[in-house]
Amino acid sequence: MLRKIRAVLAAIFFTIITLLFLDFTGTIHAWFGWMAKIQFLPAILALNAGVVIILMILTLMFGRIYCSVICPLGVLQDIVSWINGRRGRKHRMRFSWSPAKSWLRYGVLALFIVAIVAGIGSFAALLEPYSAYGRIVSNLFAPLYQWGNNVLAYIAERVDSYAFYSKDVWLKNIPTCIIAAVTFVIIVVLAWKNGRTWCNTICPVGTVLGWLSRYSLLSVKIDKDKCTSCGLCTRGCKASCIDYKGHAIDYSRCVACMDCIDNCTHGAISYSFRYRRQTPAAATETGGNPGSDTANGRRNFLSATALVATAAAMNAQEKKVDGGLAVIADKEIPERKTAIVPPGAVSLKHFYQHCTACQLCVSVCPNDVLRPSGGLLTLMQPEMSYERGYCRPECTKCSEVCPAGAILPVSAAEKSAIQIGHAVWIRKNCIVITDNVECGNCARHCPTGAIVMVPVRERHRYRHGNMENDGEDRTPALKIPAIDTEKCIGCGACENLCPARPFSAIYVEGHEVHSEI
Amino acid sequence: MTASGAAVAGLSACAGKPENASGTEGSGEMTYRTNPNTGDKVSLLGFGMMRLPFIKDKKAEDGRGVIDQEEVNHLVDYAIEHGVNYFDTSPAYCQGMSEESTGIALSRYPRDSYFIATKISNFSESTHSFEASKEMYLNSLKYLKTDYIDYYLLHSLSNMEDFRKRYLDNGILDFLMEERAAGRIRNLGFSYHGHKEFFDYLMSVHDRYHWDFVQIQMNYLDWEYAEKIKSKNTNADYMYHELEKRNIPVIIMEPLLGGRLSKVPENILAEFKEREPELSVASWAFRFVGSYPGVLTALSGMTRMEHLQDNLKTYSPLDPLTEDELAFLHHIAHLMMQYKTVPCNDCQYCMPCPYGIDIPGILLHYNKCINEGNLPTTSQDPEYRKARRAYLVGYDRSVPKLRQADHCTGCGQCNPHCPQGIDIPKELHRIDAYVEKLKQETL
């Protein structure tokens, strides 16, 4: 029963979270956007104390049900493992108990925390489970979903229906796509063979929640009196955490999947209050000296969570501080000195330190502006570019969906006053100069009126002091754009709509720290 | 699909039966008109070779499209079989490939079984010289695989300056008159898109040039409203009567306004269908022009077999409008004037835009949305959401994003080419501003 409830809840969460990354229309976000916001690390980074506390309480009460229900990467592994198990009993009961690889878990966690504190978002993003899953879906499955949608759009067009519209499918960033594919393969292989290996050795969230779940109010327990030491529970445990010989369960690794309860043919395993009938003997089962171990564990946990919280708090302070070297992403077209990040990101620094590179914003951006960056330190964390569209004034989708507080919520009105960058005019590309024609398309589309059209002056004539035809223009002078950077918000309308190709004659440079007009 | 459908239709037509259940006419003979000057017996339906079918998504090495020659041949075969004998082309049509395609299709028939009309389309400054213009004429002969042209037109006269530059100063008009005298041009005339005054001028020099025919834009909308739609144009009734007065045969272009008189708003459609449920809307437009006896032929750019079949039905034979029906069409024209559509007939003269804008695509989508009631003027409209989606989703479907109005630079290079006198950049910017309002929901 408990197992079924877990499976149903997991299926619901998994399906909807997956759809969050697939649905580019934003319909599902309106109802279920919160499912991304209750993910553990994003919530910590967003300093979303309420969610973090609730998740901790949840874990302290029920064990790691977060890992079994809410975490999409965890559920993905369960699905893979389950598919393997469907091949037969031999495969379903393929697990065995193994000792915890504590040094690896704590080592990875320490590295992870260091990466966050140091602001190397790309490394942290690599390990963060929810983000890893987001990348897998948005890079590997979203294209399939979109192609499917495009087929429907094609049909809809034929029957004169506007129910579906087609969506450009494009490779947004090769390294990110490769990383997503490699992550996917690793996860699938590990889960196929050994179930929850990733969660119990690598995953930093799993490690942190593992500490907590050692003290959970409710837990799976083996009744020694009923147990026949048949080993079925161990062989069916994808977390490899049941030592049936010692009647012991490693609660730091147990993800509360309840499989063992159903597997036990003698009803020896139950999910119940841990501390109600605790005898000294039972306590010993969790390993060694009960009192001191528990105290140690508690201290460990507290210090570890404190560390995570400190890292986040430090970031929060730093976002107000100017200075430091901005991370410059390598861009091909056009080459920007400073990356552009969405309104609500506050500053590059704030953005990079909070973003877990889950690609949710990339998935929902309706204008194909956001894409994962290719820079080493910000790898997979999104940035903006305007060759496919521009940051449209009415859209605030990325700020609505960001679960990690990297893009803080902004209203459309606020957005129109946030300067995320400024436009730069490149004379040699401008068609007014090259083609000698009227244009002004940039000025026409500037939402803040930051571009004024001024008459072209043949600069060199004045410089040399001998103007031909005495400075008299016989034809009305053509006009070129001049940018008022005080008003420019860096939305990229000018860059996107500039007729000059392949290089726009006007492009946006990002701002390290966003400001308001 | 088209081919088999046509074959079936062809068979039934041969058997002398109506093509479908609704057709009570069309089984008879094509109506012919006689050219008073040459005695040519010209079919009332003329085949316009301006809207030939292209093979979808196929591009030649030079980037131009590829005409579906097989289909063109098929259409021409069917047309000739059903009595059409007037074919109107130009060196400018279909990305410059219409003449060649027409030549291929027609040269399979005896030269004296059809009339060819083509034009001297020396719009570009580089073709203004005598040599270049003459070369254009000689090329027409070559492409059309003939040594004479039945109807040769000065293409799209619109004002004195243009007329002088293209035809007088370079001496090409004198040359063409010599060619006429030599019999290589059997009829010399012009097509007209312009102001009344210049039309009067051209009539006043009739004695000098002796226009053998004139091609005008005539239909029940332009009859009385051409000037109202665009002040640079002349009402068709004026031009028709001026020509009739001088006994100059009239050839009709844009009888259907590029489809604007067949794809009509729902309430107008209802009026048509209420009156004649079995007749196509297009047939009214063709009957209108056909009912004027001075009309030698009415050109229709028939891209698809259905167009051809419907037109053949209308003119085989022509059932002239009654007084009452004429009044009805004037009433319809009045109704149509209430719709603020852009008078674009999809002639493609403005194309290609040097910056890649799909000008007709944008304007036609706009018109389509007006006609279908999908052009909300305020967000309070009861159908606002549906209409907004239809406009925006349909826009992306009709016109690729990079070719939409927001990319128009306003350089204005298209404007001189529009025979309808549309201020294209102005319209595109207006539509773009409207689309912005839809997108931002600030209507």
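Colleague: Does His128(B) count as buried, partly exposed or exposed, and what is the reason?
Modeller: This is a predicted model, and every value here is computed from it. A residue counts as buried if 20 or more other C-beta atoms lie within 10 Å of its own, and as exposed if 12 or fewer do. His128(B) has 17 C-beta neighbours inside 10 Å, and therefore it counts as partly exposed.

Colleague: Where in chain B is the place of His128(B), and with which residues is His128(B) in contact, leaving aside its neighbours within four places in sequence?
Modeller: His128(B) sits in the loop between strand E7 (115-120) and helix H5 (130-143) of chain B. The C-alpha atoms of His128(B) and Lys165(B) are separated by 6.9 Å, although these two residues are 37 residues apart along the chain. Once the neighbours within four places in sequence are left aside, the contacts of His128(B) are Asn122(B), Lys165(B), Arg166(B) and Asn170(B).

Colleague: Why is chain B said to be as compact as a globular protein of that length?
Modeller: Chain B contains 18 helices and twelve strands. For its 443 residues the globule rule gives 22 Å, and the radius of gyration of chain B is close to that value, so the chain is as compact as a globular protein of that length, with a radius of gyration of 22 Å.

Colleague: Of the contacts in chain B with a separation of 6 or more, what percentage comes from residues 24 or more positions apart?
Modeller: Along its principal axes the C-alpha trace of chain B spans about 65 × 55 × 45 Å, and 45% of the 443 residues count as buried. Among the contacts with a separation of 6 or more, the share that joins residues 24 or more positions apart is 73%.

Colleague: Which helix gives the most residues to the side of chain B that touches chain A?
Modeller: The contact takes 17 residues from chain B and 16 residues from chain A. On the side of chain B, helix H17 (384-398) and helix H18 (424-440) each supply at least two residues, and by class that side divides into four nonpolar, seven polar and six charged residues. The helix that gives the most, with six residues, is H17(B).

Colleague: Turning to chain A, which helix gives the most to the side of domain 1 that touches domain 2?
Modeller: The domain assignment gives domain 1 (2-218 + 293-309) and domain 2 (348-516) of chain A, and their C-alpha centres lie 36 Å apart. In the contact between them, 33 residues of domain 1 meet 30 residues of domain 2, and the domain 1 side has 16 nonpolar, twelve polar and five charged residues. With six residues, the helix that gives the most to that side is H11(A).

Note on methods
Residues are numbered from 1 along each chain as its sequence is written. Chains are lettered from A and ligands numbered from 1 in the order in which they are written. This is a predicted model: local features need pLDDT of at least 70, side-chain atom pairs count only at pLDDT 80 or more; totals for chains, interfaces and linings use all residues. The radius of gyration is taken over C-alpha atoms; the globule rule is 2.2 Å times the number of residues to the power 0.38. Two residues are in contact if their C-beta atoms, placed from the backbone, lie within 7 Å. Domain bounds come from an automatic or database domain assignment. Ala, Val, Leu, Ile, Met, Phe, Trp, Tyr, Cys and Pro count as nonpolar, Asp, Glu, Lys and Arg as charged, and the others, Gly among them, as polar.
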